[in-house]
Amino acid sequence: AQKVTQAQTEISVVEKEDVTLDCVYETRDTTYYLFWYKQPPSGELVFLIRRNSFDEQNEISGRYSWNFQKSTSSFNFTITASQVVDSAVHFCALTSSSGGSYIPTFGRGTSLIVHP
Amino acid sequence: GAGVSQSPSNKVTEKGKDVELRCDPISGHTALYWYRQSLGQGLEFLIYFQGNSAPDKSGLPSDRFSAERTGGSVSTLTIQRTQQEDSAVYLCASSPPGTRELFFGEGSRLTVL
(Lines give C-alpha, C1' and ligand atoms only; values in the text may rest on other atoms or scores of the structure.)
Protein backbone atom coordinates (compact mmCIF):
# COMPACT_ATOMS: atom_id res chain seq x y z
CA ALA A 1 0.00 0.00 0.00
CA GLN A 2 1.11 3.54 -0.70
CA LYS A 3 0.76 6.47 1.60
CA VAL A 4 1.63 10.16 1.36
CA THR A 5 1.63 12.35 4.42
CA GLN A 6 1.62 16.12 4.37
CA ALA A 7 1.60 16.98 8.04
CA GLN A 8 1.25 20.71 7.47
CA THR A 9 -2.40 21.56 6.88
CA GLU A 10 -1.89 25.28 6.43
CA ILE A 11 1.13 27.58 6.32
CA SER A 12 0.87 31.33 6.47
CA VAL A 13 3.84 33.53 5.55
CA VAL A 14 4.54 37.10 4.62
CA GLU A 15 5.70 37.87 1.12
CA LYS A 16 9.44 37.36 0.51
CA GLU A 17 9.77 34.77 3.25
CA ASP A 18 11.13 31.36 2.34
CA VAL A 19 8.79 28.44 2.98
CA THR A 20 9.23 24.66 2.91
CA LEU A 21 6.38 22.23 2.38
CA ASP A 22 6.97 18.78 3.81
CA CYS A 23 6.07 15.45 2.25
CA VAL A 24 6.72 11.97 3.64
CA TYR A 25 5.82 8.86 1.70
CA GLU A 26 5.53 5.11 2.18
CA THR A 27 5.79 2.44 -0.47
CA ARG A 28 7.06 -1.12 -0.74
CA ASP A 29 8.06 -0.69 -4.36
CA THR A 30 11.65 -0.01 -5.29
CA THR A 31 10.68 1.96 -8.39
CA TYR A 32 8.34 4.87 -7.87
CA TYR A 33 7.71 8.45 -8.85
CA LEU A 34 7.07 11.48 -6.72
CA PHE A 35 5.24 14.61 -7.75
CA TRP A 36 4.22 18.02 -6.59
CA TYR A 37 1.03 19.61 -7.88
CA LYS A 38 -0.38 23.06 -7.17
CA GLN A 39 -4.07 23.97 -6.93
CA PRO A 40 -4.60 27.75 -6.97
CA PRO A 41 -7.91 29.26 -5.83
CA SER A 42 -9.21 28.91 -9.38
CA GLY A 43 -9.33 25.17 -8.71
CA GLU A 44 -7.36 23.47 -11.50
CA LEU A 45 -4.49 21.26 -10.36
CA VAL A 46 -1.25 21.96 -12.16
CA PHE A 47 1.75 19.63 -12.35
CA LEU A 48 4.98 21.16 -11.00
CA ILE A 49 7.65 18.46 -10.86
CA ARG A 50 8.34 14.73 -11.01
CA ARG A 51 11.24 12.82 -9.48
CA ASN A 52 12.10 9.16 -10.08
CA SER A 53 13.11 6.93 -7.19
CA PHE A 54 16.44 6.16 -8.80
CA ASP A 55 17.36 9.81 -9.20
CA GLU A 56 18.04 11.56 -5.92
CA GLN A 57 19.53 14.62 -7.50
CA ASN A 58 17.85 17.67 -6.08
CA GLU A 59 16.52 20.30 -8.38
CA ILE A 60 16.23 24.04 -8.45
CA SER A 61 14.00 25.89 -10.84
CA GLY A 62 13.90 29.61 -10.31
CA ARG A 63 12.42 30.24 -6.86
CA TYR A 64 11.44 26.58 -6.46
CA SER A 65 13.61 23.76 -5.19
CA TRP A 66 12.94 20.17 -4.28
CA ASN A 67 14.81 18.00 -1.78
CA PHE A 68 14.38 14.25 -2.32
CA GLN A 69 15.87 11.97 0.36
CA LYS A 70 15.21 8.22 0.15
CA SER A 71 16.83 7.65 3.55
CA THR A 72 14.03 9.57 5.24
CA SER A 73 11.33 8.93 2.58
CA SER A 74 10.86 12.63 2.14
CA PHE A 75 10.30 14.87 -0.85
CA ASN A 76 10.16 18.46 0.39
CA PHE A 77 9.39 21.55 -1.65
CA THR A 78 10.87 24.98 -0.91
CA ILE A 79 9.75 28.31 -2.28
CA THR A 80 12.33 31.07 -1.94
CA ALA A 81 11.16 34.67 -1.61
CA SER A 82 7.49 33.73 -1.66
CA GLN A 83 4.99 35.82 -3.56
CA VAL A 84 1.25 36.32 -3.19
CA VAL A 85 0.73 34.34 -6.41
CA ASP A 86 2.22 31.30 -4.67
CA SER A 87 -0.91 31.10 -2.53
CA ALA A 88 -2.44 27.73 -3.34
CA VAL A 89 -2.99 24.24 -2.03
CA HIS A 90 0.08 22.15 -2.79
CA PHE A 91 -0.23 18.39 -3.14
CA CYS A 92 2.48 15.78 -2.97
CA ALA A 93 1.79 12.52 -4.82
CA LEU A 94 3.35 9.08 -5.23
CA THR A 95 3.01 6.59 -8.08
CA SER A 96 4.47 3.14 -8.35
CA SER A 97 3.89 0.27 -10.72
CA SER A 98 2.22 -1.93 -8.17
CA GLY A 99 0.16 -4.50 -10.04
CA GLY A 100 0.90 -2.76 -13.32
CA SER A 101 -1.31 0.21 -12.51
CA TYR A 102 0.16 3.66 -12.15
CA ILE A 103 -2.39 5.23 -9.88
CA PRO A 104 -1.12 8.27 -7.99
CA THR A 105 -1.80 8.51 -4.28
CA PHE A 106 -2.12 12.10 -3.14
CA GLY A 107 -1.45 13.66 0.21
CA ARG A 108 -4.17 15.79 1.80
CA GLY A 109 -2.47 18.96 0.65
CA THR A 110 -0.88 21.95 2.34
CA SER A 111 -2.61 25.28 1.99
CA LEU A 112 -0.03 28.01 1.55
CA ILE A 113 -1.16 31.55 2.19
CA VAL A 114 1.23 34.33 1.30
CA HIS A 115 0.30 37.70 2.71
CA PRO A 116 1.44 40.93 1.04
CA GLY B 1 -8.02 24.93 -25.68
CA ALA B 2 -6.10 21.68 -25.70
CA GLY B 3 -6.55 20.84 -22.04
CA VAL B 4 -8.78 18.32 -20.27
CA SER B 5 -12.37 19.42 -20.59
CA GLN B 6 -15.05 18.52 -18.06
CA SER B 7 -18.77 19.15 -18.12
CA PRO B 8 -20.89 20.31 -16.51
CA SER B 9 -18.77 22.61 -14.38
CA ASN B 10 -21.56 22.79 -11.82
CA LYS B 11 -24.42 20.41 -11.17
CA VAL B 12 -27.11 20.71 -8.54
CA THR B 13 -29.41 17.73 -8.18
CA GLU B 14 -31.92 16.29 -5.79
CA LYS B 15 -31.21 13.28 -3.66
CA GLY B 16 -32.11 10.09 -5.49
CA LYS B 17 -31.55 11.42 -9.00
CA ASP B 18 -28.91 10.06 -11.39
CA VAL B 19 -26.13 12.28 -12.72
CA GLU B 20 -23.61 11.96 -15.53
CA LEU B 21 -20.30 13.79 -15.58
CA ARG B 22 -18.26 13.98 -18.76
CA CYS B 23 -14.53 14.16 -19.35
CA ASP B 24 -12.80 14.86 -22.65
CA PRO B 25 -9.07 14.12 -22.20
CA ILE B 26 -6.17 15.64 -24.06
CA SER B 27 -5.81 14.10 -27.50
CA GLY B 28 -3.27 11.28 -27.52
CA HIS B 29 -3.37 10.69 -23.78
CA THR B 30 -3.90 6.99 -23.15
CA ALA B 31 -4.51 7.07 -19.41
CA LEU B 32 -7.57 8.65 -17.83
CA TYR B 33 -8.33 9.03 -14.12
CA TRP B 34 -11.31 10.11 -12.06
CA TYR B 35 -10.77 11.52 -8.58
CA ARG B 36 -13.13 13.03 -6.04
CA GLN B 37 -12.25 16.01 -3.87
CA SER B 38 -14.48 16.84 -0.94
CA LEU B 39 -14.30 20.16 0.90
CA GLY B 40 -11.00 20.41 2.73
CA GLN B 41 -10.03 16.88 1.76
CA GLY B 42 -7.38 15.45 -0.48
CA LEU B 43 -7.96 13.64 -3.73
CA GLU B 44 -9.78 10.31 -3.51
CA PHE B 45 -9.07 7.94 -6.39
CA LEU B 46 -12.15 6.53 -8.11
CA ILE B 47 -11.28 4.77 -11.37
CA TYR B 48 -8.43 4.47 -13.90
CA PHE B 49 -8.50 3.67 -17.60
CA GLN B 50 -5.36 2.71 -19.51
CA GLY B 51 -5.70 2.24 -23.24
CA ASN B 52 -7.87 -0.76 -24.08
CA SER B 53 -7.19 -2.56 -20.81
CA ALA B 54 -9.93 -3.30 -18.31
CA PRO B 55 -10.36 -0.31 -16.00
CA ASP B 56 -9.16 -0.32 -12.41
CA LYS B 57 -12.37 0.31 -10.47
CA SER B 58 -10.89 -0.30 -7.05
CA GLY B 59 -11.63 3.23 -5.83
CA LEU B 60 -15.34 3.37 -6.60
CA PRO B 61 -17.08 3.86 -3.23
CA SER B 62 -20.25 1.91 -4.03
CA ASP B 63 -22.10 0.16 -6.84
CA ARG B 64 -24.00 3.38 -7.46
CA PHE B 65 -20.86 4.66 -9.17
CA SER B 66 -19.82 3.55 -12.63
CA ALA B 67 -17.71 4.89 -15.47
CA GLU B 68 -17.02 4.10 -19.05
CA ARG B 69 -14.61 5.31 -21.65
CA THR B 70 -15.69 5.13 -25.27
CA GLY B 71 -13.22 4.74 -28.10
CA GLY B 72 -10.31 5.30 -25.78
CA SER B 73 -11.23 8.95 -25.48
CA VAL B 74 -14.25 10.54 -23.78
CA SER B 75 -15.26 9.19 -20.38
CA THR B 76 -18.51 9.43 -18.48
CA LEU B 77 -18.83 9.00 -14.72
CA THR B 78 -22.35 8.04 -13.67
CA ILE B 79 -23.70 8.27 -10.15
CA GLN B 80 -27.05 6.61 -9.60
CA ARG B 81 -29.50 7.47 -6.82
CA THR B 82 -27.32 10.31 -5.59
CA GLN B 83 -26.87 10.88 -1.87
CA GLN B 84 -25.87 14.04 -0.03
CA GLU B 85 -22.47 12.55 0.78
CA ASP B 86 -21.79 12.39 -2.98
CA SER B 87 -21.46 16.19 -2.99
CA ALA B 88 -17.91 16.96 -4.06
CA VAL B 89 -15.77 18.15 -6.93
CA TYR B 90 -15.15 15.35 -9.40
CA LEU B 91 -11.81 15.72 -11.13
CA CYS B 92 -10.77 14.07 -14.34
CA ALA B 93 -7.13 13.80 -15.41
CA SER B 94 -5.32 12.31 -18.36
CA SER B 95 -1.74 11.28 -18.87
CA PRO B 96 0.29 10.77 -22.04
CA PRO B 97 2.01 7.45 -22.73
CA GLY B 98 5.43 6.99 -21.18
CA THR B 99 5.01 9.64 -18.50
CA ARG B 100 3.45 9.57 -15.09
CA GLU B 101 2.28 13.15 -14.62
CA LEU B 102 -1.40 13.97 -14.71
CA PHE B 103 -3.10 16.83 -16.49
CA PHE B 104 -6.28 17.82 -14.71
CA GLY B 105 -9.52 19.37 -15.83
CA GLU B 106 -11.21 22.10 -13.85
CA GLY B 107 -13.60 19.63 -12.29
CA SER B 108 -17.34 19.18 -12.02
CA ARG B 109 -18.81 20.45 -8.77
CA LEU B 110 -21.73 18.26 -7.72
CA THR B 111 -24.19 19.40 -5.07
CA VAL B 112 -26.84 16.95 -3.91
CA LEU B 113 -29.71 18.60 -2.05
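This is a predicted model: local features need pLDDT of at least 70, side-chain atom pairs count only at pLDDT 80 or more; totals for chains, interfaces and linings use all residues.
Residues are numbered from 1 along each chain as its sequence is written, chains are lettered from A and ligands numbered from 1 in the order in which they are written, and side-chain values use heavy atoms, with hydrogens and water left out.

Let me start with chain A as a whole. Chain A has 12 strands and zero helices, where strands are DSSP runs of E with at least two residues, helices are runs of H or I with at least four, and both are numbered from the N terminus. The radius of gyration of chain A, taken over C-alpha atoms, is 14 Å, close to the 13 Å that the globule rule gives for 116 residues, so chain A is as compact as a globular protein of that length; the rule itself is 2.2 Å times the number of residues to the power 0.38. Along its principal axes, the C-alpha trace of chain A spans about 45 × 30 × 20 Å. If we say that two residues are in contact when they have heavy atoms within 4.5 Å, then residues 24 or more positions apart account for 56% of the contacts in chain A with a separation of 6 or more.

Now to the interior. Of the 116 residues of chain A, 44% count as buried, and here buried means under 20% relative accessible area, exposed over 50%, and partly exposed in between, with a 1.4 Å probe and protein chains only. The largest nonpolar core has 21 residues, and those with the most contacts inside it include Val19(A), Trp36(A), Phe75(A) and Leu112(A); such a core is a set of buried Ala, Val, Leu, Ile, Met, Phe, Trp, Tyr and Cys residues joined through side-chain atoms within 4.5 Å. Several strands of chain A each supply at least two residues of this core, among them strand 5 (32–39), strand 9 (74–79) and strand 12 (110–115). A second, separate core of 20 residues includes Val19(B), Phe49(B), Phe65(B) and Ala88(B).

What does Leu112(A) touch, leaving aside its neighbours within four places in sequence? Its contacts include Ile11(A), Val13(A), Val19(A) and Ile79(A), as well as Asp86(A) and His90(A).

Turning to backbone geometry, most residues other than glycine have a negative phi, and most peptide bonds are trans. Ser73(A), in the loop between strand 8 and strand 9, has a positive phi near 50° and is partly exposed, with a relative accessible area of 24%. Ala81(A), which sits in the loop between strand 9 and strand 10, also has a positive phi, of about 50°, and is partly exposed at 30%. In chain B, the peptide bond from Ser7(B) to Pro8(B) is cis, with omega near -10°, and Pro8(B) is found in the loop between strand 1 (5–7) and strand 2.

I will finish with His29(B), which lies in the loop between strand 3 (19–24) and strand 4 (31–37) of chain B.
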